[in-house]
Amino acid sequence: MIARSLVVAGRDVQVRLEPSYWEGLDEICRREDLTADELCADVQERMEQQNRRLGAQGGVSLANALRVFVVGYFRQAATERGHARAGHGQGDPFASTPFDRSSINSDA
């Protein structure tokens, strides 16, 4: 887990995420021309709006909301062509992921 300090709604907030989520968040920020502070503030605001709309108390942590957002962003971007290029659908769901054995073995 890596902790980063962000400014969300004018407040300093410490968020702890796994490195792959920070990498995904940084990639989204680069693609969308946003800072991590801007994107995280928007996720926080939307999460709070959703909680108000649903009448939810407490809710989800910002770290968990960011995990859901990152996965959702990249799921929406995934296409059949992209899956084929990554080698998915060939009986090895770990191909081209951080858990790909060929990647792990080549790092040793």
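1. Ala9 lies in the loop that joins strand E1 (2-8) to strand E2 (11-17). In this predicted model, the residue has a positive phi of about 55°, although it is not a glycine. Ala9 counts as exposed because its relative accessibility is 70%, and the cut-off for exposed is over 50%.

2. Asp33 is a second residue to check, placed in the loop between helix H1 (19-32) and helix H2 (36-54). Its phi is near 55°, again a positive value in a residue other than glycine. With a relative accessibility of 70%, Asp33 counts as exposed.

3. Gly55 follows H2 and has a positive phi, near 70°.

4. The geometry of H2 agrees with its length. At 1.5 Å a residue, its 19 residues should span 27 Å, and the C-alpha atoms at its ends are 27 Å apart. Seen down the axis of H2, the buried residues fall within an arc of 135°, so they line one face of the helix. The buried residues are Ala36, Leu39, Cys40, Val43, Gln44, Met47 and Asn51. They pack against E1, H1 and H3. On the other side of H2, Arg46, Arg52 and Arg53 are exposed.

5. Which cysteine sulfur is nearest to that of Cys29? The structure holds zero disulfides. Cys29 is in none, and the nearest cysteine sulfur is that of Cys40, 6.7 Å away.

6. Val60 sits in the loop between H2 and helix H3 (62-77). At 45% relative accessibility, Val60 counts as partly exposed. Which residues does Val60 contact, leaving aside its neighbours within four places in sequence? They are Met47 and Ala65. Of these, Met47 is one of the buried residues of H2. Val60 and Glu48 are twelve residues apart in sequence, and their C-alpha atoms are 9.3 Å apart in space.

Conventions:
Residues numbered from 1 in each chain as written. Predicted model: local features only at pLDDT ≥ 70, side-chain atom pairs only at ≥ 80, totals over all residues. Heavy atoms only, no water. Helix = DSSP H or I, 4+ residues; strand = E, 2+ residues; numbered from the N terminus. Buried < 20%, exposed > 50% of the residue type's maximum accessible area, 1.4 Å probe, protein only. Disulfide = S-S within 2.5 Å. Contact = heavy atoms within 4.5 Å. Expected span 1.5 Å × (residues − 1). Arc of directions from axis to C-beta.
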